[in-house]
Amino acid sequence: MIRYCKIKHCIIGFDRPKICVPLVGRSAEEIIAQADQIRQSQRSSAIDMVELRGDYLDILPDYEVLDRLLAKVAEILPEKVLLFTIRSEAEGGEKLAFTTPTIYEINRHVIEGHLADMVDIELFSGAEQAEEMIGIAKEKGVKIIMSNHDFQTTPDASTIVNRLRSMQDLGADVAKIAVMPENKMHVVNLLAATAMMQEAYAEVPVVTMSMGKMGAISRISGQVFGSAITFASFAEASAPGQIPVDKMDEALTLIEKYCN
Amino acid sequence: MLRERKIVLFVMGDEEILERSRMVVSQLALEYSVKIVRNYSAAYKIIVEHQVDVMVCGPAEEQFHQNIVDAYRFMESARRLKRYRDTPMILISDVEDPNGYCDRELCCFAVIDTLSLEHRLCETLVQALEELWCTSPHTCPMLRQDKIEARMLYIQNQNVIYPIQCAKVSHILASNRSMEVCLNNGGKYPVRYVTLQQLLEAADVWYFLQCSRSGIINANYVRNIDYTNRVITMCNSDQIAIGSTYVRSLHEQFPTMQELWQRRQNRCMFFE
């Protein structure tokens, strides 16, 4: 049973949850400036991964600029795992101002060029496309994180588990789900589903989070319940409820020391 | 929450086919959870989010009977998911399949043409469901290896699901409108809106025995049975009353030492 995903020096699913910081900006310059800030930051060693949010970028359809940007970020942060994500509008991403190339085409371009270490694919983008993309990614040595986001509510635990199982079945290297809680019980539901998945089905690292302030507890308790990555904010948060990276590092250390 | 009912998914966009299947669907709905969708994108969402046990795939909404491409694509997608590799899929189609694509690639349980829908759908579904219960190692309750679904009870209390291993349950007692699931380690979980019978069916384990109208015991945790005073003492020292109508069945399960000795004697005599 494989529950680890190794990229560079980072073993996702092993030890404490890996901290991922989003790089959010409209232009390439903004992204590069943020990457520089991360490199120079005192807390840089606590950050394991950076997520470049493609849907915020204005230059996204321009492959040449995008290639250069991804290469530059990888150059500035050579030890961090670079995750490339284009979140669709349906799952809480920014609305794209263009129709071609499609998200699928851009992701495919990034995978084929091995421009990022990991690429995010949405579960509901379709099984056929996902399988094709995963096939190419495996050839090129790029890892796939398959994700699903529900910004409205939290489905029941069995639905969450089944969604994660579907991602795993399609061949994802990491399965991720983010949900929005409407009450405290929804947060408990997500944690129960995470533990259930971890105990019974998981063959790949699982990433779960409950968004918003109410769900912030799920971001720091990954080591206890079985979530392998946690998203923290550095300059700007990409989702509601993200905790600043320095506080997150402290919280994870505390959990690691006393709750495990 | 108890073990979920088996789910049968119908993808039927065609009004006429749906109308002709209505009788079967309504009968099925008495025992199974039936989901009907009109198109394959909705169907895909369902199979991703649930554990569907049987799928019936017909022409999608706003399509000709002959256009079954969406159904093929959907079935291929479903087969890609590990948990649906052996799930029975019934295809309703008039399209000729000389190369046996449905059999070889999609591993269809059956292909039914629309002309014989009324006659064959019911029969085929019964076969598929029987197979589901009896032969498939993934779904047969006795053989299931699946840790979560095999011998666990899901107890929902105020929107939170507590998974409980049946083997750890000492006894279950009902009082008024609620029930209490007591674990061997002393833990207790209140349950509401279910009957003891439903719980027994959901647990589906040999060692749960009903000892009164309001009590179930786990045979593995019985320390002593006092038939005179009609009281069972569990390993955790809890005492449970035996209902007068259940004494006999319990007696068969737990013979007294004297009876055991007597039976052994009889057996010896028989062999001699």
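Q: How many residue pairs are in polar contact between chain A and chain B?
A: In this predicted model, nine residue pairs make polar contacts between chain A and chain B.

Q: Which elements of chain A give two or more residues to the side that touches chain B?
A: Those are helix 4 (127-140), helix 5 (157-169) and helix 6 (184-200) of chain A.

Q: And how do the residues on that side of chain A divide?
A: They split into 11 nonpolar, seven polar and seven charged.

Q: How many salt bridges between the chains?
A: Five between chain A and chain B. One pairs the side chains of B:Lys82 and A:Glu203, at 2.9 Å from N to O.

Q: What area do chain A and chain B bury between them?
A: About 2200 Å², with 53% of it on carbon and sulfur atoms.

Q: Switching topic: which residues does UniProt list for "active site"?
A: The unreviewed entry gives A:His149 and A:Lys176. They are spread over 28 residues of sequence yet cluster in space, with a largest C-alpha distance of 8.5 Å.

Q: Is A:Lys176 buried or exposed?
A: A:Lys176 counts as buried, because its relative accessibility is 4%, under the 20% cut-off. This lysine sits in strand 8 (residues 174-179) of chain A.

Q: And where does A:His149 lie?
A: In strand 7 (residues 143-150) of chain A. A:His149 is buried too, at 10% relative accessibility.

Q: What does the A:His149 side chain make a polar contact with?
A: With the side chain of A:Arg87, at 3.4 Å. Beyond its neighbours within four places in sequence, A:His149 is also in contact with residues including A:Glu91 and A:Lys176.

Notes. Residues numbered from 1 in each chain as written. Chains lettered and ligands numbered in written order. Predicted model: local features only at pLDDT ≥ 70, side-chain atom pairs only at ≥ 80, totals over all residues. Heavy atoms only, no water. UniProt positions renumbered as here; feature names shortened; annotations may be inferred. Helix = DSSP H or I, 4+ residues; strand = E, 2+ residues; numbered from the N terminus. Buried < 20%, exposed > 50% of the residue type's maximum accessible area, 1.4 Å probe, protein only. Contact = heavy atoms within 4.5 Å. Polar contact = N/O pair within 3.5 Å; in protein donor to acceptor, adjacent residues only side chain to side chain. Buried area = accessible area lost by both parts, 1.4 Å probe. Salt bridge = Lys/Arg side-chain N within 4 Å of Asp/Glu carboxyl O. Nonpolar A, V, L, I, M, F, W, Y, C, P; charged D, E, K, R; others polar.
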